[in-house]
Amino acid sequence: MTPKFTNPRAKNNFQGRTCSITGVGSYVPEKILTNADLEKMVETTDEWITTRTGIKERHIAAANEFTSDLATNAAKQAMAMAGVNAEQIDLIIVATITPDMPFPNTACLVQRKLGAKRAAAFDIEAACSGFIFALEIGQQFVMSGTHETVLVIGAEKLSSITNWKDRNTCVLFGDGAGAAILQHRPGSQGLLTVTMGSDGNKADLLSMPGGGSACPATPESVAEGMHFLRMDGKETFKNAVQAMCGAAQEVLRRCEIDVTAIKCVIPHQANQRIVDAVSDRLKATPEQMFVNLHKYGNTSAASVAIALDEAVREGKIQRGDLVLLVVFGAGLTWGAAVIEW
Ligand code: UT7
């Protein structure tokens, strides 16, 4: 039988190894902040937020609930689905822009909370693109055979870097985490291809300038709001549509398929208008597009990870289906992946 798609990785496989996602999980904090709640905090309306973004509500972590807690809860679900215990995990990669603290890394804190004693653990930072970047890193270890079980997590407590007085940004973001277990699953192709891209020339479009070596925390930097996220929304929007479409087309081309071969497209959940523009340009149908941003807002690195988990649990993705993930974030960074589920 002629294969339905090309696996661009096949020629590089080490002894025929592949990398599949064998379990997914997600977690969002209990507290919900609705658009009506935001109307009481800044000069905005449910109508503006809904028509400009599609977001209706978002989840906000408690004061004593940190990114590592959200990540750990998501990881436990992914481990249960994959049938993996903490001792089996060889590597933990956490993608986040809101680590519990600058160091130690959040992955080590997750390792402690899970009791994953054998695992090496590190963070990566590629903003909203982080989960795909982490998948690509994790799958290299599985494909090469150096590691059997890799836990990849996208987790954010964006509420901790949100300026709740800035209506341009505070209505957009939410907290949450999504996780995946990566393993070689004989007979399954898994992650077929991943593309990643970056453009540091546009670093200023979306950033948090304070808290690093360029601008350590001082009373002045805090007073100036340097430790809050800031964004040029319009420019970010334009770049997002362009980069996401380019990345998606690249991975489809590599697999020698068109979008009709894809069962489920999971785009970064930043704005319904971005999702619609990407969907239009790719010529994907509304049924193919998975959207949950109305419930969670933009959860950055957690966004596609949470959406993937929900799509699987809702039965929208079955074994053997092709899934397209596509992301965009600060950096700028972007990426896309095709997965045989
Ligand atoms: O995750 C990384 C990627 N992030 C993104 O992709 C986000 C990309 N950007 C966006 O989603 C959109 O640009 C926004 C939702 C942030 C803004 O939508 P927009 O259509 O680009 O609106 P705008 O920036 O042109 O603002 C229009 C108006 C402005 O008023 P004036 O200057 O026209 O009088 C804003 O001050 O809307 C005003 N505005 C608001 N009004 C009510 C901005 N925020 C609000 C608000 N409520 N929350």
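Q: In this predicted model, buried area is the accessible area that two parts lose on being put together, summed over both; what is the area buried between domain 1 and domain 2?
A: The domain assignment gives domain 1 as 8-183 and domain 2 as 191-340. Their centres, taken over C-alpha atoms, are separated by 13 Å. Carbon and sulfur atoms give 67% of the area buried between them. That buried area is about 3900 Å².

Q: Which three residues supply more than any other three of the area that domain 1 buries against domain 2?
A: The contact takes 49 residues from domain 1 and 49 residues from domain 2. On the domain 1 side, three residues supply 17% of the area buried against domain 2. They are Cys128, Ile132 and Ile161.

Q: Which element gives the largest share of the side of domain 1 that touches domain 2?
A: Elements that each supply at least two residues of this side include the strands β1 (20-27), β3 (57-60), β6 (150-157) and β7 (175-183). The helices α2 (46-53), α3 (67-82) and α5 (130-144) also each supply at least two. The largest share is seven residues, and it comes from α5.

Q: How many residues of the side of domain 1 that touches domain 2 are charged, and how many salt bridges are counted between the domains?
A: The residues of that side of domain 1 include 23 nonpolar and 18 polar ones. Across the interface, 21 residue pairs are in polar contact, with both residues at pLDDT 80 or more. The charged residues on the domain 1 side number eight, and the count of salt bridges between domain 1 and domain 2 is zero.

Terms used
Residues are numbered from 1 along each chain as its sequence is written. This is a predicted model: local features need pLDDT of at least 70, side-chain atom pairs count only at pLDDT 80 or more; totals for chains, interfaces and linings use all residues. Side-chain values use heavy atoms; hydrogens and water are left out. Domain bounds come from an automatic or database domain assignment. Contact means heavy atoms within 4.5 Å. Buried area is the accessible area (1.4 Å probe) that two parts lose on being put together, summed over both. A salt bridge is a side-chain nitrogen of Lys or Arg within 4 Å of a carboxyl oxygen of Asp or Glu. A polar contact is a pair of N or O atoms within 3.5 Å; within protein, one must be able to donate a hydrogen and the other to accept it, and residues adjacent in sequence count only if both atoms are side-chain atoms. Helices (H or I, at least four residues) and strands (E, at least two) are DSSP runs, numbered from the N terminus. Ala, Val, Leu, Ile, Met, Phe, Trp, Tyr, Cys and Pro count as nonpolar, Asp, Glu, Lys and Arg as charged, and the others, Gly among them, as polar.
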